[in-house]
Amino acid sequence: SVPMPTDRRSSTIVIMSYDQMKLREEELLEQRFQVYIFDQSHQLKEMKAKKTLTAQKLCKFANRYVSTS
């Protein structure tokens with residue numbers, strides 16, 4: 001797996017699949033990104049699914065989040 005960026009700036013962008021998001025939940029929570037964009041957000045509709053729960057945790061610490069379909 002590709003390492004998370006260590007030299008972060010306000011313009012740092014990380015793109016990953018929902019599967020990677022689930023696997024790297026702890027890393028993402030530690031990074032505390034300010035904005036999350038969830039594409040294909042219909043994949044997050046099952047409230048008990050791990051990827052939905054992970055996305056919800058990440059959004060708690062974000063300044064903004066966007067979901068698209």
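Guide: Start with Glu-25 and Lys-50, whose side chains meet in a salt bridge, N to O at 2.6 Å. This is a predicted model, in which local features need pLDDT of at least 70, side-chain atom pairs count only at pLDDT 80 or more, and totals for chains, interfaces and linings use all residues. Residues are numbered from 1 along each chain as its sequence is written, and side-chain values use heavy atoms, with hydrogens and water left out.

Visitor: Why is the contact of Glu-25 and Lys-50 called a salt bridge?

Guide: The term requires a side-chain nitrogen of Lys or Arg within 4 Å of a carboxyl oxygen of Asp or Glu. The N to O distance for Glu-25 and Lys-50 is 2.6 Å, so the pair meets the definition. Glu-25 lies in helix α2 and Lys-50 in helix α3, so the pair ties together parts that are 25 residues apart in sequence. Helices here are DSSP runs of H or I with at least four residues, strands are runs of E with at least two, and both are numbered from the N terminus.

Visitor: How do you know whether Glu-25 is buried or exposed?

Guide: Buried means under 20% relative accessible area, exposed means over 50%, and partly exposed is in between, with a 1.4 Å probe and protein chains only. Glu-25 has 5% relative accessibility, so Glu-25 counts as buried. Lys-50, at 44%, is partly exposed, and so is Lys-57, at 35%.

Visitor: What separates Lys-22 and Asp-19 along helix α1?

Guide: They are 3 residues apart in α1, which means about one helical turn. The structure holds 4 salt bridges.

Visitor: Which residues of the largest nonpolar core touch the most other members?

Guide: Met-21, Leu-28, Tyr-36, Phe-38 and Leu-58 do, out of 13 residues. α1 (18-23), α2 (25-31), β1 (35-38) and α3 (50-60) each supply at least two residues of this core. The largest share, 3 residues, comes from α3. A nonpolar core is a set of buried Ala, Val, Leu, Ile, Met, Phe, Trp, Tyr and Cys residues joined through side-chain atoms within 4.5 Å.

Visitor: What makes β1 and β2 a pair?

Guide: Strands pair if DSSP finds at least two bridges between them. β1 and β2 are joined by 4 bridges and run parallel, so they qualify. Phe-38 stands opposite Ser-67 in β2. The covered face of β1 holds Tyr-36 and Phe-38, and the uncovered face Val-35 and Ile-37.

Visitor: Why are Val-35, Ile-37 and Val-66 called a patch?

Guide: Patches are made of residues with over 30% relative accessible area and no salt bridge; like charges are joined within 9 Å, and nonpolar side chains (Val, Leu, Ile, Met, Phe, Trp, Tyr) within 5 Å. Val-66 has a relative accessible area of 40%, so Val-66 passes the area cut-off. Together the three form a nonpolar surface patch with about 270 Å² of accessible area, a value from the Shrake-Rupley method with a 1.4 Å probe, where for residues only the protein chains shown count as cover.
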